[in-house]
Amino acid sequence: MPRVAAPPQPGQRSEGCCSSGGGLRRRSPAPPARIGCSRDRRRSIGRSRSRGGDRLLQRGGGDAAGAREAAAGAMAAPSPGPREVLAPSPEAGCRAATSTSGRRGLLWRLRDKQARIGLFEIGPGHELHQLTCMMQAGLWAATQVSMDHPTTGPPTEEDFSEVLTQVHEGFELCTLAGPAFSWLRRSLGLAEEDYQAALGPGGPYLQFLSTSKSKASFFLSHDQRFFLKTQRRREVRALLAHLPRYVQHLQRHPHSLLARLLGVHSLRVARGKKEFFIIMLSVFYPAGRISERYDIKGCEVSRWVEPAPEGSPLVLVLKDLNFQGKTIDLGPQRSWLIHQMELDTAFLRELNVLDYSLLMAFQRLHEDERGPGSSLIFRTARSVRGAQSPEEPGSQNRRLLPDSPNALHILDGPEQRYFLGLVDLATVYGLRKRLEHLWKTLRYPGRTFSTVSPARYARRLCQWVEAHTE
């Protein structure tokens, strides 16, 4: 059976890697057009659903339970991307595993979780180290396939439904719609070699823990450019179903505020259950000078976070109620933002999606960065490389982009640089959410909450942006 070249170990270069006895192997012979691919369709994602729902990513071997416990403590927050790493030591992992013990009281667990908020380096000794090493090895090999067999044009229907399964020692990693995401990455000007180096075994991932109620786990690549998030099976089905229209929207509106999705994968450890995760560009990158971070939904229920003490190194993402009394000073860029919010939220409304967030961060501009033209480059002719659209440039709502990494998520005002992006695009307004809306209507009379119809959700978030910008 043919083998796939093994990824480099930390500290090694990826170039010139050769396969070895412990290398990766393909589960089935390769089809002629695409090596290592099994052309399963998206409907296969819905199989073998367990009664208990989707668990989070887990480690192999005897430590799988500990990894699940730790992953369950990774509360939701948008990609923060700060430079500080709060806990590079293994003690953080020990506290995470201990906090879930049934012998401890609820108050003790809440206090322990509060002590663990922030960004943590997943080094040797951390309970998620083995898991993230598997993710790195799997992603390195998956990206190598797209490098060896690059796409030659826009994705086809077959590309959107392709599933590549690669079997490694002790685990397997599946890449969903790989050719479509490979094309998306290239259209953004992102070299596959850079993508592979950042997500492969070149350095430890970072884990972000927050006070949010979500049970998703969040990771950042070691350079904090890429953001990884675990997803439920139904969310992955929604993302893949919407993927062709998502690609079309980015072609029509290359300066869209929608998060740039770069990959969807599943990981199965030993004989365990498939766990899904997505990869996207971090909205908060580069983060070295970011001073404040917010997650905005345009409502009030559960939208307050206790701020960190003055001078604290804690990395917190604040919410709507924390933003009261503040404004976003964009100057002449305000009209562009309002129009783009209308375009993007209208698209999400058509997909019947709600509960997405507008991520926002502030960074004060230096003197040499202020003023018209000081940090701008004209990219209206080619903002997303390779994305051809019949739309006129005026209808695409293009703008001047800053000469900076991650320019699509950056908007400069007179005094501040703003990082902006719409994330969490996979929650569909189905029966579950409709029932949740009815319950919250009774539970919070006269108050605004996140679970409303997609039309109302889109309108309310646009109104929030209009009311808080100048």
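Is Phe-120 buried or exposed? In this predicted model, Phe-120 belongs to strand 4, which spans residues 118-121. Its relative accessible area is 3%, and because buried means under 20% relative accessible area, Phe-120 counts as buried. Along the chain, Phe-120 and Tyr-205 stand 85 residues apart, yet 8.7 Å separates their C-alpha atoms.

Burial also marks helix 6, formed by residues 178-187. This helix is mostly covered, with nine of its ten residues buried. The buried residues are Gly-178, Pro-179, Ala-180, Phe-181, Ser-182, Trp-183, Leu-184, Arg-185 and Ser-187. They pack against several elements, including helix 4 (129-148), helix 5 (157-161) and strand 6 (171-176). Helix 7 (192-199), helix 8 (233-252) and strand 10 (261-269) are also among the packing partners of these residues. After helix 6 comes Gly-189, which has a positive phi near 80°.

The aromatic side chains may be considered next. A pair of aromatic rings is described by the distance of the centres and the angle of the planes. The structure contains nine aromatic pairs. One of them joins Tyr-294 and Phe-362 in a tilted arrangement, with 5.8 Å from centre to centre and 45° between the planes. Tyr-294 is in strand 12 (residues 292-296) and Phe-362 in strand 14 (residues 357-364), so that this pair links distant parts of the chain, 68 residues apart. Tyr-294 and Phe-362 are both buried.

Phe-362 pairs with Phe-323 as well; here the ring centres are 6.0 Å apart and the planes meet at 70°. Because planes over 60 degrees apart count as edge-to-face, the pair of Phe-323 and Phe-362 is edge-to-face. Phe-323 is located in the loop between strand 13 (318-319) and helix 9 (334-350), whereas Phe-362 is in strand 14, so the pair ties together parts that are 39 residues apart in sequence. Phe-323, like Phe-362, is buried. Ring pairs connect these residues into a cluster made up of Tyr-294, Phe-323, Phe-362, Tyr-418 and Trp-464.

The charged end of Arg-399 is placed over the ring of Trp-336, at 4.6 Å from the ring centre.

Key:
Residues are numbered from 1 along each chain as its sequence is written. Side-chain values use heavy atoms; hydrogens and water are left out. Rings of Phe, Tyr and Trp (its six-membered ring) pair if their centres lie within 6.5 Å; planes under 30 degrees apart count as stacked, over 60 as edge-to-face and the rest as tilted. Helices (H or I, at least four residues) and strands (E, at least two) are DSSP runs, numbered from the N terminus. Buried means under 20% relative accessible area, exposed over 50%, partly exposed in between (1.4 Å probe, protein chains only). A charge sits over a ring if NZ of Lys or CZ of Arg is within 6 Å of the ring centre and within 35 degrees of the ring normal. Contact means heavy atoms within 4.5 Å.
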